[in-house]
Amino acid sequence: MLELLIPIRKTLNKSALMELSNWFSEMPDNSAWYVISDYCFGDKTKQNDTVSFTILLHHDKIENIKEYINHFAPKDIKSTRTISEEFLQYINSPVAFTFTFVIDRKSNLLRDYASDENMLSFLAPFRDVVNNIASNSTFDAYVDGVLKRSSLFEADFKKKNFNSKLARQIYLVSAFASLVFECLTITKKPEYIQWVSDRDALAERYDGFIYDLSYFLFLTGYSEYIPSIEDSPTILDKPKFIFPEPEKSGKNFFDELIRIPDYLAGTLADLDITANTFSKDKYNTILLGSMVNSKNHVVLNVSGSGNDLTCRRLVHKT
């Protein structure tokens, strides 16, 4: 798992981290931020698997933000025919920045890199990392819950109906999320980070283990930036993370916010990278309106098989 982060972090450090810093240079430090995610996995009508994370400053009351989005983008991308210019303007606004990971489905990255054996063998060292961090920090009973949920995840590998595809997606999204948290924390020193996710199996399975995994992967990567005093516990007083659980039924409270990464993940899932074409005009409208010459959208193409992992940045220019 940690090997996957190396080429992606290297690519991010070349230019994306600086662009994130420049884009949010006028935004205050020590603020509250949303990290809003949406995914497209396993859709055979699409060209790619995609994972999008939109970083959004808590710049107004949540009710006002939701009302604005709902007015100009009342439906998700699948149900939308006409793309609102006002919604694209909001995507491009100074309070938003998006990372989208485009996974080359033909490379079998998920299947080859995250085999059942590899995923299972990661969990014991993961618990060692959690215990080590806990012993040198001021963590409370939260750690007991993390260990319990990781054991719940591990036990599922022995079941006949074990869902390998879902497990791989949990690993991959956690890794991507940890890097987004790391980039935001380095550049803006946030007081709070609230990860907003849609209601889906990734967030619900194993009592939300995806949140634990992403958080401790973030701590592992960000540890070099945390001040430490010899023979004293490490104190990470910020950012404070909030992982709200989506409602089990009915409307998702954050549904409007999720439409931002939904539009972007859906567009890049439809993109034929080789031919640079889409199946529908609406996706080309989103590309031209929010990605071409964009300074607040980083698109990373992740591919490879086995341990041969590569990451490159995709840039659309006129």
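Where does Asn-276 lie, and between which helices? Asn-276 is found in the loop that runs between helix H10 (255-270) and helix H11 (281-290), where helices are DSSP runs of H or I with at least four residues, strands are runs of E with at least two, and both are numbered from the N terminus. The model is a predicted one, in which local features need pLDDT of at least 70 and side-chain atom pairs count only at pLDDT 80 or more, while totals for chains, interfaces and linings use all residues. Residues are numbered from 1 along each chain as its sequence is written, and side-chain values use heavy atoms, with hydrogens and water left out.

Asn-276 has a phi near 60 degrees, a positive value in a residue other than glycine. Its relative accessibility is 45%, so Asn-276 counts as partly exposed, a class that falls between buried, meaning under 20% relative accessible area, and exposed, meaning over 50%, as found with a 1.4 Å probe on protein chains only. Lys-189 also has a positive phi, of about 45 degrees, although Lys-189 is not a glycine. The loop that holds Lys-189 runs between helix H7 (164-188) and strand S4 (192-196), and Lys-189 counts as partly exposed because its relative accessibility is 45%.

From these loops the description can turn to charged side chains. The structure holds nine salt bridges, a salt bridge being a side-chain nitrogen of Lys or Arg within 4 Å of a carboxyl oxygen of Asp or Glu. One of them joins the side chains of Lys-188 and Asp-29, at 3.1 Å from N to O. Lys-188 counts as buried because its relative accessibility is 5%, whereas Asp-29, at 35%, counts as partly exposed.

Another salt bridge is formed by Asp-270 and Lys-46, whose closest N and O atoms are 3.3 Å apart. Here too distant parts of the chain are linked, with Asp-270 in helix H10 and Lys-46 in the loop between S1 and strand S2 (49-57), 224 residues apart. Asp-270 and Lys-46 are both buried. A further salt bridge brings together the side chains of Lys-159 and Asp-156, at 3.5 Å from N to O, and Asp-156 is buried, with a relative accessible area of 10%.

Helix H6 (residues 142-156) is the place of Arg-149. The side chains of Arg-149 and Asp-212 are joined by a polar contact of 2.5 Å, that is, a pair of N or O atoms within 3.5 Å of which, within protein, one must be able to donate a hydrogen and the other to accept it, residues adjacent in sequence counting only if both atoms are side-chain atoms. When neighbours within four places in sequence are left aside, Arg-149 is in contact with Tyr-142, Tyr-206, Asp-207, Phe-209 and Asp-212, contact meaning heavy atoms within 4.5 Å.

The cysteines complete the account. A disulfide is a pair of cysteine sulfur atoms within 2.5 Å, and by this rule the count comes to zero. The cysteine sulfur closest to that of Cys-40 belongs to Cys-311 and is 19 Å away, which is too far for a bond. Cys-183 is in no disulfide either, the nearest cysteine sulfur, that of Cys-311, being 11 Å away. Cys-40 is buried, with a relative accessible area of 12%, and Cys-183 is buried as well, with a value of 6%.
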